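Below is a short note on helix packing, for a colleague checking the model by eye. Please read it with the structure open.

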Amino acid sequence: MTALDTTSPAQGRRQPRRPRGLTAHILLMAAVLSSVFPFLWTIVMATNHTQDIYKSPPKLTFGSHLLENIRHVLNTIDFFGSMLNTVMVACGTTALVLFIDSLAAFAFAKFDFPGRKLLFGTLLLFMMLPLQLAILPQFILMSKIGWVGMLKALALPSLANAFGIFWLHQYIQNGVPDELLDAARIDGAGFFRQYWNIALPMIRPALSFLAIYAFVNCWNDYIWPLVVLTNPDHATLQVELAQLNVGHTTDYSMVMAGVLMAALPLVVVFSIFARGFIAGATEGAVQGT
């Protein structure tokens, strides 16, 4: 007497493997390569001569002229002086943006006061306006208070960042429980105590993202420093790098070497603040499971 075969026909047939996962991986790899290629091309251009770039087909391998191109950059512009100016402005502006925007967002999200909806709606309206419209009023304001040509004129227009307030408002509204604030009020905590001891520790991932956003925007700003900084000694890095791209013949290998050097601090800042952003997002995902 033979044992009965309990394997159903459906189980005995091997299910065909869906190409869905393979297609997704191919699309992701194509997206990664398209995103990374501009940076690789920058490095290739910075390590070769300009003549190598104009070849047909162009040279796509790394060269050995990076130090030579960096030397040309340092001899042409005041690279480190302008970088120091940019670091001071970007760090100071980022710190003030985090404090002012988080304070305003906390008030909008968790406190009811007259005109709150009108003010927040006006804030959203300002987010839709192009930043170029504010250059002339800002310059007139800087001229009246005597800040034209000074580095502090770069920080003032960026302090109340509309996007930063909106971003933190949405995060605080959903991420800071009202019960904790009510308990703090019962214990006698005022507005600033609630903000500093309860809200700030809970919105660190949002602050990390805003720090990256504010620092990169300030670091890459070109138009406003070009307009308001009349003193060449106070020039920022982007204004100085623009001086490399002048004349009838542009040494693109030297320009790319300068761009590569200017991008290194951004990588450092991203690596510092991205840890807090990713750690906070991961912590929230684990708690939600």
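1. The model is predicted. Local features are described where pLDDT is at least 70, and side-chain atom pairs where pLDDT is 80 or more.

2. Helix 5. This helix covers residues 79–110, which is 32 residues. From its first C-alpha to its last it reaches 45 Å, close to the 46 Å expected at 1.5 Å a residue. At its start, a side-chain oxygen of D78 comes to within 3.2 Å of the backbone nitrogen of G81.

3. Helix 5 with helix 12. Helix 12 spans residues 204–220 and packs on helix 5 at an angle of about 140°, the axes being 9 Å apart. The crossing is right-handed. On the helix 5 side the contact involves M83, T86, V87, V89, A90, C91, T93, T94, V97, L98, D101 and S102. Helix 12 supplies L207, L210, A211, A214, F215, C218 and W219. By class, the residues in this contact are 14 nonpolar, four polar and one charged.

4. Spacing of contacts. An α-helix has 3.6 residues a turn, so residues three or four places apart point the same way. In helix 12, the residues in the contact with helix 5 include L207, L210, A211, A214, F215 and C218.

5. Helix 5 with helix 9. How far apart are the axes of helix 5 and helix 9? They lie 8 Å apart, and the packing angle is about 50°. Helix 5 is therefore oblique to helix 9. The crossing is again right-handed. From helix 5, D101, S102, A104, A105, F106, F108, A109 and K110 take part, and they meet G164, I165, L168, H169, I172 and Q173 of helix 9. This contact has eight nonpolar, four polar and two charged residues. D101 and S102 of helix 5 are in contact with helix 9 and also with helix 12.

6. Helix 10 with helix 11. Residues 178–186 form helix 10 and residues 191–202 form helix 11; they pack at about 160° with axes 11 Å apart. The angle makes helix 10 roughly antiparallel to helix 11. Helix 10 passes helix 11 in a right-handed crossing. L180, L181, A184 and R185 of helix 10 meet Q194, I198 and M202 of helix 11. The classes here are five nonpolar, one polar and one charged.

How values were computed:
Residues are numbered from 1 along each chain as its sequence is written. Side-chain values use heavy atoms; hydrogens and water are left out. Helices (H or I, at least four residues) and strands (E, at least two) are DSSP runs, numbered from the N terminus. The expected span of a helix is 1.5 Å times one less than its number of residues. A polar contact is a pair of N or O atoms within 3.5 Å; within protein, one must be able to donate a hydrogen and the other to accept it, and residues adjacent in sequence count only if both atoms are side-chain atoms. Axes are lines fitted to C-alpha atoms, for helices over the stretch in contact, and angles run from 0 to 180 degrees between N-to-C directions. Angles under 35 degrees count as roughly parallel, over 145 as roughly antiparallel, 65 to 115 as roughly perpendicular and the rest as oblique. A crossing is left-handed if the near helix is turned anticlockwise from the far one by less than a right angle, and right-handed if clockwise. Contact means heavy atoms within 4.5 Å. Ala, Val, Leu, Ile, Met, Phe, Trp, Tyr, Cys and Pro count as nonpolar, Asp, Glu, Lys and Arg as charged, and the others, Gly among them, as polar.
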